[in-house]
Amino acid sequence: MTAPAPDEASPSSKAPYAQIVFSGGGLRCFWHGGWMETAGARMRFDPERVTGSSGGALSAAAWLTDREEFLFERFSRALRRTDSNFSLEELEDGEGRSVHQRVYEAIVEDVIDARAQARIAEGPAFQINISTTGGGGARLLHALAAGTIYQVEQIVAPTPRPRLSSLAGVEQRLIDARRAARDGVLADLIRMAATVPPAFRPDEWEGPETDGPEPVFDGGMVDKAPLPDPDEGQTLVLLTKRFRTFPDDGARVEFVCPSEEVLEGSKLDFTDPDLLRQAWDQGVRDGRAWADTRSQGGD
């Protein structure tokens, strides 16, 4: 399986965005790859700041290092070798590592290699969104409660910026990915940023943004569209699902959604590589439509 090629064109103008945000969404994040390849063939994106949440952190890193197609191929190979989303090994694994966690970890380590980390370390400001229960006890219990609240909210009143997960004691952190790249631990950070309880076992992260070692969970529980810090200038937010209600972030923030639902109900199916192509191809169509609208002076 090969990733679809971008449009045969050279970017004719620079996009006006100082910031780009990559939201999460499991396998739906391959929509990012198709969208950026196609829209980027028509308009040059050169942001000062980038943020990524959950699987969007890997999308952002792949885009910053021109490794979207390699990520597509590497993920496809992994899914072709995965027969089930659950295995008996999980019951015997004292670390609680699920099929999803083992597969994702291997992919991230291959894609975010030493060369990719060197490019990110020298690139634009890049922050990765995580959530944490802090350094207290009952961390997994708090995370599971937050995840349950998040899921209910997304069914009742879906929004890119959940409002209720904090009731379970979950807080947001924006981690400096360039620092992590310089320290050689960016692959670990990206993997941790997609820790969805209970499917993934949490690890701890310690840095200037944390209060000592803190357990790391999927940042999408607290913010699927994390704006950078500092937050300045025109901002493009790439979502991977459709919403009816958006945060009131002002006219300088543009939210872009898929034209139709991407991989509805299948975003965590690690047994079907064709899902990657479906998400990518829809990103291609949506990126082309967006670029066509911009070239015609539309909104």
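Reader: Is serine 54 buried or exposed?
Author: This model is predicted, so that local features require pLDDT of at least 70 and side-chain atom pairs pLDDT 80 or more, while totals for chains, interfaces and linings use all residues. Residues are numbered from 1 along each chain as its sequence is written, and side-chain values use heavy atoms, without hydrogens and water. A residue is buried under 20% relative accessible area, exposed over 50% and partly exposed in between, with a 1.4 Å probe and protein chains only. Because its relative accessibility is 8%, serine 54 counts as buried.

Reader: Where does serine 54 lie?
Author: Helices (H or I, at least four residues) and strands (E, at least two) are DSSP runs, numbered from the N terminus. Phi of serine 54 is near 55°, a positive value in a residue other than glycine. Serine 54 lies in the loop between strand E2 (49–53) and H2.

Reader: With which side chain does the side chain of serine 54 make a polar contact?
Author: Contact means heavy atoms within 4.5 Å; leaving aside neighbours within four places in sequence, serine 54 is in contact with residues including Gly24, Tyr104 and Asn129. A polar contact is a pair of N or O atoms within 3.5 Å; within protein, one must be able to donate a hydrogen and the other to accept it, and residues adjacent in sequence count only if both atoms are side-chain atoms. At 2.6 Å, the partner of the serine 54 side chain is the side chain of aspartate 218.

Reader: How much space lies in the largest pocket?
Author: On a 1 Å grid over the protein atoms alone, a pocket is an open set of points where a 1.4 Å probe fits, with protein on both sides within 12 Å along at least five of seven lines; lining residues have an atom within 4 Å of a point. Grid points are joined across faces, edges and corners, and a volume is the space filled by probe spheres set on the points. For the largest pocket, this space is about 590 Å³.

Reader: Which residues of its lining are closest to the centre of the largest pocket?
Author: The lining of the largest pocket has 39 residues. Helices H1 (30–40), H2 (55–64), H3 (68–80) and H7 (139–156) each supply at least two residues of this lining. The closest to the centre are Gly25, Gly26, Ser54, Gly55 and Asp218.

Reader: Which residues touch the most other members of the largest nonpolar core?
Author: A nonpolar core is a set of buried Ala, Val, Leu, Ile, Met, Phe, Trp, Tyr and Cys residues joined through side-chain atoms within 4.5 Å. The largest one has 64 residues. Those that touch the most other members are Trp35, Phe45, Phe75, Ile128 and Leu186.

Reader: Which residues does a cis peptide bond join?
Author: The bond has an omega of about 5°.

Reader: What is the relative accessible area of leucine 263?
Author: Leucine 263 is found in the loop between strand E9 (253–256) and H10. Its phi is near 50°, a positive value in a residue other than glycine. Leucine 263 is buried, and its relative accessible area is 8%.
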